[in-house]
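Please find below a colleague's note for someone meeting this structure for the first time.

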Amino acid sequence: MASIDYNERIPNNVDLTENRRLLRALEEWQPKFLEWWKDMGPEGFQAKEVYLRTAVSVDAKGWAQFDYTRMPEYRWGIFLAEPEPGRQINFGDHLGQPAWQEVPGEYRGTLRRLIVTQGDTEPASVEQQRHLGRTSPSLYDLRNLFQVNVEEGRHLWAMVYILDAHFGRDGREESEALLQRRSGDHDKPRILGAFNERTPDWLSFFMFCFFTDRDGKYQLASLAESGFDPLSRTCRFMLTEEAHHMFVGESGVGRIVQRACEIMREHKTDDVRRHGGVDLPTIQRYINFHCSVSLDLFGSEVSTNAANFYTMGLKGRFEETKKKDDHRLKDGTYTVATLAGDRIVTREEGALVSLNERLRDDYIADCQRGVNRWNEIIKSHGIDFTLTLPHRGFRRAIGAFAEVKVSPDGRVISEAEWDAHHREWLPTAEDEAYVGSLMQPVTEPGKMANWIAPPARGINSRPADFEYVRLG
Ligand code: BYC
């Protein structure tokens, strides 16, 4: 490929043009990325102009530029948050030492593994969502889907930049492998469970953005505390984009809840499906599924991996520097949920090995705040129904609860009870078929599918009937 002007093609604040070795690595990777994007990115819309934001700087007041772009021409940039002069390592055995600007040799493999695991989720989510464009409930939503997709692409660039800039040949090999694994592929699956699930419809998409992108927020926030400064700075900037993805999820589910309530009120009925909406019990089952899949992403409740990441100074706690303790955690304890026979109890475990559970606690509290806002919508319609998060032990595949069956309200139950009730708790084939039947594209500017309320406002102060995607 002919050399390209990277400052022009790839907005960046990492002096790309000054680093010839890195430039060469990225020049080799870029066409492979584009090939992957064309094969595995949004299907059917590659040539359409989409009203997208592009990161063009890290300026808190104006880092984004909005304009029409064809997705393969999106300027996937590389941005690190501004360096903090004199930044130190804020936790673990290296507490108080200057933050590393280069990979610490003894932790190279562990750090690479963390970066690859993070990086792997980004293209995975694009693959999971690639068919959704065909059934979008509005142009506004279609644009939001593509915004999320191109930014996940940018987050892949962010991780590939770190791999190529700091891990030499190994890093380049990992960068290639990130484009070779495929979500849901039996032979070369994505690394983490949730990223091999299907996202077959828009209710699933909004749930994914609410629950799974929120895992992204908490994992990125923990990596943003890293003593490896380039990773910390990269993750800090990624978090600014992640906020929009969670907004898409929360507001998307909120608008479906709102529409369900409107139908219930208007027709004085609980039979929301009869009038083409998604009923609240179905929404609850989707919550149960997506929440449980995302809870697995935090790993085991008791994890020596997590303890090592922390002690090595590679991955901190959520808001590490705001916490007032010794930031070494060798002596402390933390309360962890666990199994005692057929009961779920709490137990004090060493603080270090409990770090996954602690992050999961932060995450659950954040999810609950969002669910409370959905319940406010229901309440404001005078409807007596409360959406809830399932118990942390429900339908888990990783950790202490993986071997048992737990009900959404947190009881260890028999296989027989599970068999008798799981259809009440998880989306059934009928639910999926019904939700699937609603997935008819609505592409006229300003129009919405019947099963979702319009958004409160448009994107970047544009009106709701703005032509967010030019399908013409
Ligand atoms: N699926 O001690 P354990 C995002 C493996 S999302 C499959 O329990 P650990 C995004 C684990 O790898 C954020 N395997 O857990 C969102 C280990 O394998 P090895 C992504 C799993 O290591 C939406 C073994 O089980 N970022 O950004 O303490 C759209 C025992 O591990 C799973 C990160 O995850 C699973 N769910 O913690 C786009 C941050 N869970 O080593 C993007 C980086 C565990 O024995 N990753 N295993 O072969 C990490 O910090 C850690 O790898 C984990 C696991 C928190 C995931």
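**Notes on the ligand site and the cysteines**

1. As a starting caution, the model is a predicted one, and the remarks that follow should be read with that in mind.

2. Where does the ligand sit? The ligand sits in the largest pocket, and of the 28 residues around the ligand, those that come nearest are Q118, S300, S303, N305 and K315.

3. Three helices, α3 (108-128), α6 (202-223) and α9 (304-311), each supply at least two residues of the shell around the ligand. Among the contributors to this shell, α3 gives the most, with seven residues.

4. The protein covers 82% of the 1100 Å² of accessible area that the ligand has on its own.

5. Turning to the cysteines, how many disulfides does a search of the whole structure find? The search finds zero. For C209, the closest cysteine sulfur is that of C367, and at 13 Å it is too far for a bond; C209 is also buried, with a relative accessible area of 0%.

6. C291 is likewise in no disulfide, with the nearest cysteine sulfur, that of C367, 5.5 Å away, whereas a disulfide would require the two sulfur atoms to be within 2.5 Å. C291 is buried, with a relative accessible area of 2%.

Key: Residues are numbered from 1 along each chain as its sequence is written. This is a predicted model: local features need pLDDT of at least 70, side-chain atom pairs count only at pLDDT 80 or more; totals for chains, interfaces and linings use all residues. Side-chain values use heavy atoms; hydrogens and water are left out. Buried means under 20% relative accessible area, exposed over 50%, partly exposed in between (1.4 Å probe, protein chains only). A residue is near a molecule or strand if one of its heavy atoms lies within 4 Å of it. Accessible areas come from the Shrake-Rupley method with a 1.4 Å probe; for residues, only the protein chains shown count as cover. On a 1 Å grid over the protein atoms alone, a cavity is a set of points where a 1.4 Å probe fits but cannot get out, and a pocket is an open set with protein on both sides within 12 Å along at least five of seven lines; lining residues have an atom within 4 Å of a point. A molecule sits in a cavity or pocket if more than half of its atoms lie within 2 Å of its grid points. Helices (H or I, at least four residues) and strands (E, at least two) are DSSP runs, numbered from the N terminus.
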